[in-house]
Amino acid sequence: MNIFRLAGDMTHLFSVLVLLLKIHTIKSCAGISLKTQELYAIVFATRYLDIFTNHISPYNTIMKLIFLGSSFSIVWYMRYHKIVRRSYDKDQDTFRHYILILPCLILALLINEKFTFKEVMWTFSLYLEAVAILPQLVLLQRTRNIDNLTGQYVFLLGAYRALYIVNWIYRYFTEDHFVHWITWICGLVQTLLYADFFYYYFQSWKNNMKLQLPA
């Protein structure tokens, strides 16, 4: 554990808390892509198959439980909560997210660090997480006007992965044999997908204007 890894974890946690705050207090999921949330639920479910068999630390286990529980609870709220689900913009959230799943699974079967079930599923979760934000970004481009909590949620998601890249760079220079090409490439792709959003987020903050993405 180092300061960059901890900062990344906390940023990721804050992003989840911001989204849960929006859902619980405002009773709204407007501007949030259910497709992206479903992909994240799959990501965590396949990444943390070892949650009860491979104990690293209490911190690690607690974080796994938080991300697993929060991802499925968000999907449940958006699909089934009688008030929250009314604010879901199904007509705009039309990205065919299922087309991302099979290519990621095939890639995980072909390119992995070790051909075991858990390792393939872990690799699959990396590939899928790298592109899981796509439905959310497409939805934001279509709706254009983005409320503050949604903007902060997406920004924190992107910042979490960017901080993890800094963590990997730090570990590469301070630890022996720290080389994980699959993780690094997936993290870089994921961060690059946020580049356009980051630009307009900082522009809106700099000019004290409402965040808008070009169509």
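Trainee: Is asparagine 208 buried or exposed?
Mentor: Asparagine 208 is exposed, with a relative accessible area of 73%. Exposed means over 50% relative accessible area, buried under 20%, and partly exposed in between, with a 1.4 Å probe and protein chains only.

Trainee: What should I know about the numbers behind that?
Mentor: This is a predicted model, where local features need pLDDT of at least 70, side-chain atom pairs count only at pLDDT 80 or more, and totals for chains, interfaces and linings use all residues. Residues are numbered from 1 along each chain as its sequence is written, and side-chain values use heavy atoms, leaving out hydrogens and water.

Trainee: Where is asparagine 208, and what is its phi near?
Mentor: Asparagine 208 lies in the segment after α9 (195-206); helices are DSSP runs of H or I with at least four residues, strands are runs of E with at least two, and both are numbered from the N terminus. Its phi is near 55°, a positive value in a residue other than glycine.

Trainee: And what about the phi of histidine 177?
Mentor: Histidine 177 is not a glycine either, yet has a positive phi of about 60°. Histidine 177 sits in the loop between α7 (148-174) and α8 (181-193) and is exposed, at 80% relative accessible area.

Trainee: Switching topic: how many disulfides?
Mentor: The structure has 0 disulfides, a disulfide being a pair of cysteine sulfur atoms within 2.5 Å.
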